[in-house]
Amino acid sequence: MKTATDSRQWFTQLLQQEDSAAAVETHAWLNRARDAARSALHTLPLPEKKQEAWRYTSIEGLLEHEFEPVSADFDALQVEDIDTWLLPDTRAYRLVFANGRFVPALRNFDQLPDGVTIGSLRHALSHDPVSLAIWFGQTADHAEHIFTALNTALINDGLFIHIKRDVILERPIEVVHLNLGLETPQLIQPRNLLVLERGANARLIERYESSGTSVYFHNAVSEILLEDNAALTHYRLQQESPRAYHLHQSFLAQAAHSQYRSTSLALGGKWARHDLEICFQAEGADCDTNGLYLAGNKQLVDQHLNIKHSRPRNASRHNYKGILHGSGRAVFDGRILVDKDAQKTDAHLFNKNLLLSRNAEVDTKPQLEIYADDVKCSHGTTVGQLEPEQLFYLRSRGIEPTLAMKMLCLGFAGEILDNIDLQPVREHAEQQVHELLDRIADKLGERLDD
Amino acid sequence: MLSIKNLRANVDDKPILNGLNLEIKPGEVHAIMGPNGSGKSTLAHILAGRDGYDVTDGEVVYQGKDLLALNTEQRAHQGLFLAMQYPVELPGVNTMTFLRESLNAIRRARGEAELDAVNFIKLVREKARLVHMDDRLLKRNVNAGFSGGEKKRNEILQMALLEPRLAILDETDSGLDIDALRIVADGINALRSPERAIVLVTHYQRLLDYIEPDQVHVLANGRIVRSGDKELAQLLEQKGYRWIEQEAAA
């Protein structure tokens, strides 16, 4: 058990490594942000049980490790080296980040349509700092979130997407965050910034993968700005090392009549948490988020949602499902806040969990806080097991119990997977879920025969 | 084919079957009738291997094997089929996937090759015609949003596809209007064969207007209290079950 002083030191010691991290081009505005973030690391409350946001999610395991910044160079990587992690047939503009560093040679395009920038944040900081100064830090709040402060204080690289007014990007964008196992635990901190101007339209496939079973801490921050009438479809597939710590804090700002659709899969990692904060800045915007998480074998998976309906006439729907097996644990904390001015809000939040073992656990907490009086809101949560009647039905038709359980789990997950409109992405996701279920099905079968 | 001797079973320590005897030969159609609570569905469930029943005495020999020693899927592999009284919905499980996994599991158990997708679809279409089942239903998830009649037709479709040696139809007539009843009965009649035995578990005689049984048994208080031919069913229809219960008690 670490003392508060120890925990504080864990954060502040990481700051001293800053010099060893390759410095990005500095600008006065960026220095100010970094300085503020550094100070915040000394003063922000530490993540612990008495904080609502960390009530069910302990960071003690994380603090056991000493992480080092990424110092290796990945420029020598060739496409052949990373073949196994690439999706076939997506027709996507592909970018690869290795341990948080952009690898130019793994990009599969030379030219982009007019008005489209897809590249690294570090590059953008040297080429278009004026625009970045406007967007950077607009939504991500390092004054409130200690891990966002850590990311900002040590900012190095990440994804930068900028799509200009009314540009409709036909091909999807695929970003592979590949974490290559190294001997010492690494601190990998991508900082992503996506800006879709008025009327722009894009699809993003964001994937988090590992090459092995190494320990690392992936502390990502994403800022997504959707201007008026912009539309983003976002697929987020996270499947990492069984010893990896993964935290991703995403901050999304939606202007008038913008649309955001996302399907997020959390399928692997020792400790994987995704925080999604959505802020409606005007009226008429629509947001639809879906998620599927699987955890077992002492894994923790955590999904936090903070949906701020602060303006009238915005709609949001959120549907998350989880399958927990073995000693897997899940935390779902979904909050929808409807301010008193946010009349005609239409907001719905659902979380369903399937527990496949006695030791599996879920802490689910959907919350609606409504201060307006003319709204349509609902929320619901379920935690259940496979129905014995359904299993019996399948078995009575000759289907082995392991396959029967797998079919029912896939049926449960299908509601989320079916939302993925890009076929290669959906097939890849389905295959990953299939393989995970195959691995756990045998253990389940043993238990059933007891 | 099936020989049940002195079968006794409890549910939650309450005796439901109290020494039941039954002999069924290949090619025969037996009707088991009885009032509510007489143990009809319990018998069907025990034969199919459902959990929650304690067999306290007796034996069930099926094709020379101790049926009760087999688990549910092994019984299906050996050709036993139960058409459920209340077929459950399987959310997210596509009907075609379900039928294919089921058929292939049974074919594997019989040492036959699995059917490929094309031949499987052809076969399902052919069998679906037998019970007038719409293609649209086959594309849905299993029993999801099916009417009562559609669920029962889906059960008979599965029976047609899996070609069991012993089919037990648990209250297959319940909840069917007269047209649906005729379709289901026609389907069952089409599946009568010299190698296959069929057990109709029913409360009412009306199903037997369409499917003529070789033997009719009356179940009361967990035992077969009377057996006869189809005229016994007609007698029950006229006089009700009380008559036979009283006679059995006397």
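Two strands pair if DSSP finds at least two bridges between them. I kept that in mind while going through chain B of this predicted model.

**Entry 1, strands 1, 2 and 4.** I looked up strand 1 (residues 2–11) of chain B and found an antiparallel pairing with strand 4 (residues 54–62) of chain B, over seven bridges. In strand 4 of chain B, B:D54 is the residue opposite B:N10. Strand 1 of chain B also pairs with strand 2 (residues 14–24) of chain B, again antiparallel, over eight bridges. Here B:L2 faces B:I24. I noted that strands 1 and 2 of chain B make a hairpin with two residues between them, and that B:D12 in the turn has a positive phi of about 50 degrees.

**Entry 2, the six-stranded sheet.** I read the strand order of an open sheet in chain B as 6-7-8-3-9-10, with mixed pairing. Strand 6 (80–83) and strand 10 (223–228) of chain B are at the edges with a single partner strand each, so one side of each has no neighbour in the sheet. Averaged over neighbouring strands, the turn is 20 degrees, direction ignored. Strand 3 (residues 29–33) and strand 8 (residues 197–202) of chain B pair in the parallel sense over five bridges, and B:A31 stands opposite B:L200. I also found helix 6 of chain B packed on the sheet, touching strands 6 and 7 of chain B.

I checked helix 3 (residues 95–109) against helix 6 (residues 148–162), both of chain B: the angle is about 35 degrees and the axes are 10 Å apart. The crossing is right-handed. Contact residues include B:L103 in helix 3 and B:L161 in helix 6 of chain B. By class I noted five nonpolar, two polar and no charged residues.

Definitions and conventions. Residues numbered from 1 in each chain as written. Chains lettered and ligands numbered in written order. Predicted model: local features only at pLDDT ≥ 70, side-chain atom pairs only at ≥ 80, totals over all residues. Axes fitted to C-alpha atoms, helices over the stretch in contact; angles between N-to-C directions. Helix = DSSP H or I, 4+ residues; strand = E, 2+ residues; numbered from the N terminus. Left-handed = near helix turned anticlockwise from the far one by under 90°. Contact = placed C-beta atoms within 7 Å. Nonpolar A, V, L, I, M, F, W, Y, C, P; charged D, E, K, R; others polar.
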